[in-house]
Amino acid sequence: MTQVLLFARARELAGTRRVELSGVTVEEVLGAAEARFGAGFGELCRTCTIVVDGETVLRSEFPTASAGSELAVLPPVSGGADDPASGSGDQHHSTAHDAGGPDDGIRVVVITVSDRAAAQQYEDLTGPAVEAVAEHRLGATVIGRGLVADVPARISELLISWCDSGKCDLVLTNGGTGLAPRDLTPEATRAVLDVEAPGLGELMRHAGLAHTPLAALSRQAAGRRGRSIVVNLPGSVKGATESLEALVEVLPHAVMMARTS
Amino acid sequence: MGDTDPAVFEGAPVTSDGGSVMGAGAPVVVAGLQRSTISVADLVDRVRRDDCGAVVVFEGTTRSPNQGHDVIALDYEAWEDRTPAQLERIVAEVVTAHGLRAGAVVHRVGVVPVGATAVVVVAVAPHRDAAFAGARELIDRIKAEAWIWKKELRPDGEIWVDGCA
């Protein structure tokens, strides 16, 4: 059983602040909540932030909810939309500092693909490094992050849920781009893209070759799904950050084109 | 958060004496939720420092009308177990980013009548540029990120106010 905490409108719709529900994944727990509290509650849930035992998670993420976990349903906060009438330029609250991105800052999601990191056998260092480059070099705002094992179906599912959410412009994966048997991030990515942008991979490999001939073995894919750009980065901190650096000049334009698609 | 004294917050209302650290060492971080009226003067007294020449205070007050609707009061709800730690982390990050010597935020929870102060942020720095910039980022981040929800109590009913509203 999972302890589910409800706040604000979610609490009112459910008529309770706390409820015990069964389910192994976040999706299952929220499904049980929707069955109990109705379709309106389910709809609201899709706009909520979900926090499990203190960590923000994605609905589609598989780990949850071991027995006794606490899952909180947090509706969007009131902030920022303070004064729509006055048009005070209060819309974006990037935590990053001005870094010369486009006027509507790039909203980025960083997904680390790694069996070991997903199993918490080691700490994910690449994800945070990619976030730092995205913030400082692209002026992007990191609006979400994820951690997933090297399982193509899970990777594809995460990409779909983010790209189709309308909340992000750019999804950066890292890991799973080599030649080992479980390195299948490019395949999981291509499977969900509307169109590929092979030039981005070529640019990353070209930049990598200046550092090491091994860059020729990297298989990163990239392209567009809906209005989001998806780019695979390698799994090492160095490889991932250098590859993203190589794209700094072209990604803002790619994002702009995807938004108008 | 490393340079802050956990005794200062712990989610305790700031009107309680948290034993603030006023030495020349670590920056002071104050963060909390409060059910009762916020005393701006008391809060400023807790964070002002002899080695700083600038104190910027921002008060967010409840407004009526809002978006064309009369409002009687606002009802604020927070995740009382976790929002204080979240506020504390935001203040600590802004303090570090702007080189502040102290930063504070106190947000009301519960029903706040129109015209009252719902949130106060304070940024304390040696010079005014950092204090203004720090105060601005504090209030912007708290409004955008903190797990605090507000419901408008109107003459004709109640309505939750979202960021997307």
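Predicted model: local features only at pLDDT ≥ 70, side-chain atom pairs only at ≥ 80, totals over all residues.
Two strands count as paired here if DSSP finds at least two bridges between them.

## The six-strand sheet

There is also an open sheet of six strands, again with mixed pairing, in the order β7-β6-β8-β11-β10-β9 (chain A). Here the edge positions go to β7 and β9 (195–196) of chain A, and since each has a single partner strand, one side of each is left without a neighbour in the sheet.

Strand β6 (residues 107–113) of chain A runs parallel to strand β7 (residues 141–148) of chain A, with seven bridges joining them; V109(A) finds its bridge partner in G144(A) of β7(A). β6(A) also pairs in the parallel sense with strand β8 (residues 170–174) of chain A, this time over five bridges, and V110(A) stands opposite L172(A) in β8(A). Strand β10 (residues 222–225) of chain A and strand β11 (residues 228–233) of chain A, on the other hand, are antiparallel and joined by four bridges. In that pair, A222(A) faces V231(A) of β11(A).

## How covered is β6?

Are the residues of β6(A) buried or exposed? Seven of its seven residues are buried. In a regular strand, side chains alternate between the two faces of the sheet.

Helix α5 (residues 126–138) of chain A lies across β6, β7, β8 and β11 of chain A, and its direction is at about 160° to β6(A). Helix α10 (residues 251–259) of chain A packs on the sheet too, touching β8, β10 and β11 of chain A, and makes about 145° with the direction of β11(A).

## Helix α9 and its two partners

Helix α9 (residues 237–246) of chain A meets α5(A) with axes that come within 9 Å and cross at roughly 20°, which means the two are roughly parallel. The crossing is right-handed. On the α5(A) side, the contact uses T126(A), A129(A), V130(A), V133(A), A134(A) and R137(A); α9(A) brings V237(A), A240(A), T241(A), L244(A) and E245(A). Sorted by class, that gives seven nonpolar, two polar and two charged residues.

The other partner is helix α8 (residues 198–209) of chain A, packed against α9(A) at about 120° with the axes 8 Å apart. That angle makes α8(A) oblique to α9(A), and this crossing is right-handed. L203(A), M204(A), A207(A) and G208(A) of α8(A) meet G239(A), E242(A), S243(A) and A246(A) of α9(A). By class, this contact has four nonpolar, three polar and one charged residues.

How values were computed: Residues numbered from 1 in each chain as written. Chains lettered and ligands numbered in written order. Axes fitted to C-alpha atoms, helices over the stretch in contact; angles between N-to-C directions. Parallel < 35°, antiparallel > 145°, perpendicular 65-115°, else oblique. Left-handed = near helix turned anticlockwise from the far one by under 90°. Contact = placed C-beta atoms within 7 Å. Nonpolar A, V, L, I, M, F, W, Y, C, P; charged D, E, K, R; others polar. Buried ≥ 20, exposed ≤ 12 C-beta atoms within 10 Å, placed from the backbone.
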